Amino acid sequence: MFEGLRKPKALIVIVVTLLAYGCPIQAIVQAFGLDERTVASWRDRAGKHCQQVHQAIVQQGHLDLVHVQADEIRVKGCKMIAWMGLAMMVSTRLWLGGVVSLTRDRCLADRLLRQVRLCCQPLRALLVCTDGWNAYPGSIRRAFREKVKETAGRGRACLRGWPPLCIAVVIKRTEKKRVVEITRKMVQGTLEHAQVLLSASQGGTVLNTAFIERLNGTIRQRLASLTRKCRHAARRLAALESGMWLLGCTYNFCWPHHELSRRVARAQGKPGEVVLTPAMASGLTDHLWSVQELLSYRVAPAPWVAPKRRGRPAKQAELPVKKQQPPGEQPRRRPLLRLRKGVLCSTTS
């Protein structure tokens with residue numbers, strides 16, 4: 001992230017840390033005397049780098065998720081309404097990914113669940129809890145399925161869903177801004193299997209979406225453009241997306257999680273807390289990262305793939321066979337063809 005920047009690295013780290021904690025850009029401009037476009041550029045660079053780090057470490061298919069919760073946030077920007085979809089692993093509080101879109105449609109749910117699928121080990125028991133949006137069940141089924149060849153010989157393989165997949169929906173009805181009724185139902189799978197996965201992930205005793213809603217509160221608190229009734233609302237989707245990746249990656253690797261820390265301290269019989277981040281609890285790292293370490297992390301480039309050529313393959317020209325010179329004869333030095341008055345003519349000598 002620091003490549004090509006002329007400002008001191010310590011100043012850039014301080015500015016990115018303040019952005020990750022929800023400090024508005026205007027306050028950073030007044031405090032450090034920087035240009036507003038410079039701060040916005042650093043935020044976008046940091047967000048793009050954090051997205052690459054997240055894809056290189058988290059979205060590698062090594063996690064046994066057990067219990068996942070997904071939800072979306074309504075973002076009120078400047079002359080626009082956007083939606084931010086988020087997903088998390090309940091047992092370790094790991095943020096799995098997010099999507100920003102101008103519309104709340106099936107495409108948003110599909111993109112979000114594809115990111116969750118990239119993090120998960122294949123064909124493992126999984127419980128996915130969402131709210132009552134009817135786009136989620138279909139997107140979950142499309143994301144968690146595999147190709148199965150049912151007939152011998154030539155033919156297309158069928159797409160079959162994971163057998164141990166459970167889909168639960170939690171619908172809340174409110175009156176005068178207060179929840180008066182909660183409806184819980186299983187869309188796929190059995191309630192007994194869902195209870196086993198709930199207890200294994202320590203995600204409560206009943207079907208709920210409390211953990212992703214708590215993460216929504218953290219995102220709103222630490223992303224300045226998401227705070228309600230503010231004068232620094234987002235104007236571009238790219239700014240929202242870069243801020244989301246910056247906050248999500250620092251949440252996973254750089255900020256200790258108090259509930260996880262207290263749980264480990266109680267398990268070890270120690271007073272207070274043991275510093276633990278969601279990435280450490282998931283086994284992705286063994287230490288607490290600093291913001292400078294996160295921004296300095298080197299991501300391996302993607303392997304080069306030769307571009308696919310279109311059209312008919314070109315014919316390879318056959319090389320002429322050289323005639324063997326008779327013994328004692330000198331090789332011919334003059335060309336076989338000569339240009340005479342604009343016409344190619346064979347030589348006579």
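## A nonpolar surface patch

Ile-14, Leu-18 and Phe-32 make up a nonpolar patch on the surface, and their accessible area together is about 220 Å². Such patches are made of residues with over 30% relative accessible area and no salt bridge; like charges are joined within 9 Å, and nonpolar side chains (Val, Leu, Ile, Met, Phe, Trp, Tyr) within 5 Å. Accessible areas come from the Shrake-Rupley method with a 1.4 Å probe, and for residues only the protein chains shown count as cover.

Phe-32 belongs to helix α2, residues 25-32. Its relative accessibility is 34%, so Phe-32 counts as partly exposed. Here, buried means under 20% relative accessible area, exposed means over 50%, and partly exposed lies in between (1.4 Å probe, protein chains only).

## Basis of the description

The model is predicted: local features need pLDDT of at least 70, side-chain atom pairs count only at pLDDT 80 or more, and totals for chains, interfaces and linings use all residues. Residues are numbered from 1 along each chain as its sequence is written, and side-chain values use heavy atoms, with hydrogens and water left out.

## The chain as a whole

The chain contains 11 helices and 10 strands. Helices (H or I, at least four residues) and strands (E, at least two) are DSSP runs, numbered from the N terminus. Of its 349 residues, 42% count as buried.

The chain exposes about 21,600 Å², of which carbon and sulfur atoms supply 53%. Among contacts in the chain with a separation of 6 or more, 60% come from residues 24 or more positions apart; a contact means heavy atoms within 4.5 Å.

## The sheet and its helices

Six strands, in the order β3-β2-β1-β4-β7-β8, form an open sheet with mixed pairing. Its edge strands are β3 (94-101) and β8 (178-188), each of which pairs on one side only. From one strand to the next, the twist averages 20 degrees. Two strands pair if DSSP finds at least two bridges between them. Strand β2 (residues 80-89) runs antiparallel to β3 and is joined to it by 7 bridges. Met-88 stands opposite Trp-95 in β3.

Helix α4 (residues 106-119) lies across β1 (67-77), β2 and β3, and runs at about 155 degrees to β3. Helix α7 (residues 210-222) also packs on the sheet, where it touches β1, β2, β3 and β7 (165-175); its direction makes about 35 degrees with that of β1. For these angles, axes are lines fitted to C-alpha atoms, for helices over the stretch in contact, and angles run from 0 to 180 degrees between N-to-C directions.

Asn-216 is part of helix α7. With a relative accessibility of 9%, Asn-216 counts as buried. Leaving aside residues up to four places away in sequence, Asn-216 touches Asp-71, Glu-72, Ile-73 and Leu-86.

Ala-279 is found in helix α10, residues 278-281, and counts as buried at 0% relative accessibility. Ala-279 and Leu-94 are 185 residues apart in sequence, yet their C-alpha atoms are 6.5 Å apart in space. Not counting residues up to four places away in sequence, Ala-279 touches Leu-94, Asn-252, Phe-253, Leu-284 and Thr-285.

## Salt bridges

Side chains of opposite charge can pair when their charged atoms come close. The structure holds 14 salt bridges, each defined as a side-chain nitrogen of Lys or Arg within 4 Å of a carboxyl oxygen of Asp or Glu. One of them joins Asp-64 to Arg-124, with the closest N and O atoms 3.1 Å apart. Asp-64 lies in the loop between α3 (36-57) and β1, and Arg-124 in the loop between α4 and β4 (126-130), so this pair ties together parts that are 60 residues apart in sequence. Asp-64 counts as partly exposed at 29% relative accessibility, as does Arg-124 at 34%.

Arg-104 and Glu-72 meet through their side chains in another salt bridge (2.7 Å, N to O). This pair links distant parts of the chain, 32 residues apart: Arg-104 is in the loop between β3 and α4, and Glu-72 is in strand β1. Arg-104 counts as partly exposed at 33% relative accessibility, whereas Glu-72, at 9%, counts as buried.
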